[in-house]
Amino acid sequence: PQSKLPQLGTTIFTQMSALAQQHQAINLSQGFPDFDGPDYLKSRLAYHVSQGANQYAPMTGVVPLRAAIADKTEQIYGWRPDTDSEITVTAGATEALFAAISALVRPGDEVICFDPSYDSYAPAVELAGGVLRRIALQPPAFSVDWPLFRSQLSTRTRLVILNTPHNPTATLWQADDFEQLWQAIAEQEIYVLSDEVYEHICFADQGHASVLAHAGLRQRAIAVSSFGKTYHMTGWKIGYCIAPAVLSAEVRKIHQYLTFSVNTPAQLALADMLRAEPEHWQQLPDFYRQRRDHLARALATSRFEILPSQGTYFLLADYSAISSLNDVEFCQWLTINAGVAAIPLSVFCADPFPHKLIRLCFAKQNATLDAAAERLCRL
Ligand code: PMP
Ligand code: GLN
């Protein structure tokens, strides 16, 4: 058949994990922990399965989970979403992102995103018939040039997609960035899709700046999060989005026919976990800071230049001193010849991205990080 997405191949994460497996390389490419999630969470899943919570959940998510999400949101961001009308539990953040884009973008609408951008946004915009305006951010800060942003707005602009803490660059938006965004779009009917799946993996002293903490923007925003990141359980694929009732209603129209509802016992277990062990997400910055610093220290004697990581479980390494290959070639070479898999950055950009940067995942046990660093230090 004629493809609806002719340019699209398999994701870089699938490609690099497969190459890592083929060559038995240490896989610091696709972002997932090589350690397990909390025992309490696993025991609550078993409990709810044993109690027969095995039929469809309500379309919008089980009540205890939505209530726990509302409580946590209020505690952190100082504003409480309505449990019934403003929170929707989805099959990972991926489904929430796709449902939000499908719900909001009409044929011919313009959508602004910032490159490097997470790979799932563009295909969803294209399928919806939208036109992407990709604004290239420059290393090492990858910060938004607000006058440039304003120059990209038009009467057709419908949606702005952002991601903080940012995958793959490990940079953050500040509260002032949200204010700049608000100043730029307040007068027009423009919506915001804020991908905050790493909200609890933020190393800044002032913590994560969320779109939900901005009183103006949150009237226009869909904020997306994921329990996969927070509880080291990427395979559970449960996430959620928070949006004003009118926007949530539109997202739910799509969600009800994408998945209808998601795994019931896992939702109940997550609700128990949020209530019983809030210290889990509270301690996550320290937990991941130790891993970040462990890898950075282990690479200190290497010829890689390590860029600061302010959030996510990734850090960027500049390999200019090691190779003149482009980043895609270098990641393949590195997997096959050095036995370490990483992610190139250019695949997240529409414009040529000539920088020699790769992304390393440090959501790994110290032994894994040490073994990888030992190989990387030999280069
Ligand atoms: N957005 C970003 C920025 C991500 O890094 C990821 C997962 N790696 C997702 C969305 C998707 O999250 P989930 O696995 O919950 O679908
Ligand atoms: N988001 C994960 C990453 O950045 C990968 C998720 C996936 O494989 N689709 O590595």
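I began with a definition: a crossing is left-handed if the near helix is turned anticlockwise from the far one by less than a right angle, and right-handed if clockwise. By that rule, helix 3 passes helix 10 in a left-handed crossing.

**Ground rules.** I am working with a predicted model, in which local features need pLDDT of at least 70, side-chain atom pairs count only at pLDDT 80 or more, and totals for chains, interfaces and linings use all residues. Residues are numbered from 1 along each chain as its sequence is written, while chains are lettered from A and ligands numbered from 1 in the order in which they are written. For elements I use DSSP runs, numbered from the N terminus: helices are H or I of at least four residues, strands are E of at least two.

I looked up how helix 3 (residues 63–77) meets helix 10 (residues 264–276). They pack at about 35 degrees with axes 8 Å apart; axes are lines fitted to C-alpha atoms, for helices over the stretch in contact, and angles run from 0 to 180 degrees between N-to-C directions. Helix 3 brings P64, L65, A68 and K72 to the contact, and helix 10 brings Q267, L268, L270, A271, L274 and R275. Contact here means that the C-beta atoms of two residues, placed from the backbone, lie within 7 Å. I sorted the contact into seven nonpolar, one polar and two charged residues. In this scheme Ala, Val, Leu, Ile, Met, Phe, Trp, Tyr, Cys and Pro count as nonpolar, Asp, Glu, Lys and Arg as charged, and the others, Gly among them, as polar.

Next I traced an open sheet of seven strands, with mixed pairing and the order 2-8-7-6-5-3-4. Two strands pair if DSSP finds at least two bridges between them. Strand 2 (87–90) and strand 4 (131–136) are the edges, each pairing on one side only. From one strand to the next, the twist averages 20 degrees. I also followed strand 3 (residues 110–115), which runs parallel to strand 4 over six bridges; F114 has I135 as its bridge partner in strand 4. Helix 3 turns up again here, packing on the sheet where it touches strand 2 and strand 8 (239–242), with its direction at about 120 degrees to that of strand 2.

**The ligands.** Around ligand 1 I found 14 residues, the closest being G92, A93, T94, N167 and S226. A residue counts as near if its C-beta atom, placed from the backbone, lies within 6 Å. Helix 4 (residues 92–104) gives the most to this shell, three residues. The shell divides into three nonpolar, nine polar and two charged residues. For ligand 2 I noted T11, F13, Q30, G31 and N167, of which one is nonpolar, four are polar and none is charged.

Most residues other than glycine have a negative phi, and most peptide bonds are trans, so I went looking for exceptions. The bond from P139 to P140 is cis, with omega near 5 degrees, and P140 sits in the loop between strand 4 and helix 6 (146–152). T164 and P165 are also joined by a cis bond, with omega about -15 degrees; P165 lies in the loop between strand 5 (157–163) and helix 7 (175–185). Q24, not a glycine, has a positive phi of about 50 degrees.
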